[in-house]
Amino acid sequence: MKTSTILNVALAIALVFLGYKLAVTGGEKAQQQDTSEVVLNNILERTSVRSYLDKSVEEEKIEKLLRAGMAAPTAKNKQPWHFVVVTDKSLLQKLSKVNPYAEMVAKAPLAIVVCGDMTKALDGNARELWVQDCSAASENILLVATGLGLGAVWTGTYPSEERCAAVSEVLGLPEFLIPLNTIAIGYPDGDVTPKDKWKESNISYNMYEEE
């Protein structure tokens, strides 16, 4: 075979390989862009849902919610949380009565009470970081609920001593578990529209500057 022919064949193979690499790379970039858009849209579509259909949340979806919660960032990886899954109607009714802003829990098929486990909390001033850790876990649960076609709303408990004591009594929580919130979850009863919370006035770059 002539040298020129060999070179032409080699060049053709190289071009085919390069084209393949570009196609794969382009496909991967497109997939990454698609994934980022899905994530961002899910965040922007999250909104508080307070009315639910009379329909149970499937066990596999409950597990996904809990897995999302436990995937949250946490100071020194202490993971100072404990999740109480409530599906019992009588307990849901009781939880709705011990928090003046949690009436919707009574009609929800599911509630997850996110608690701080003080046996896992850091010492000294860092102890209160459990609130941030459990809040991150709570947000993960809310976002995944949206992605699963569910509606959810965060109802606060901590730092109200009265609410913490009442929720602890309903669920029989030990002293080392502090209920941060109760997240009511269910299939939305009707359409919900998220709020556009984008405000440029809430942003500073590098240094704070007053308008």
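Contact means heavy atoms within 4.5 Å. Axes are lines fitted to C-alpha atoms, for helices over the stretch in contact, and angles run from 0 to 180 degrees between N-to-C directions. Helices (H or I, at least four residues) and strands (E, at least two) are DSSP runs numbered from the N terminus. The model is predicted: local features need pLDDT of at least 70, side-chain atom pairs count only at pLDDT 80 or more, and totals for chains, interfaces and linings use all residues. Residues are numbered from 1 along each chain as its sequence is written, and side-chain values use heavy atoms, leaving out hydrogens and water.

Q: What does helix 5 lie across, and at what angle to strand 4?
A: Helix 5 (residues 161-171) lies across strand 1, strand 2, strand 3 and strand 4, at about 75° to strand 4.

Q: Why is Asn42 called buried?
A: Buried means under 20% relative accessible area, exposed over 50%, partly exposed in between (1.4 Å probe, protein chains only). Asn42 has 18% relative accessibility, so Asn42 counts as buried. This residue of helix 1 (residues 3-45) touches Leu143, Thr146 and Gly147, not counting residues up to four places away in sequence.

Q: What makes strand 2 and strand 4 a pair?
A: Two strands pair if DSSP finds at least two bridges between them. Eight bridges join strand 2 (residues 110-117) to strand 4 (residues 177-186), and the two run antiparallel. Asp117 stands opposite Leu177 in strand 4. The open sheet has four strands in the order 1-2-4-3.
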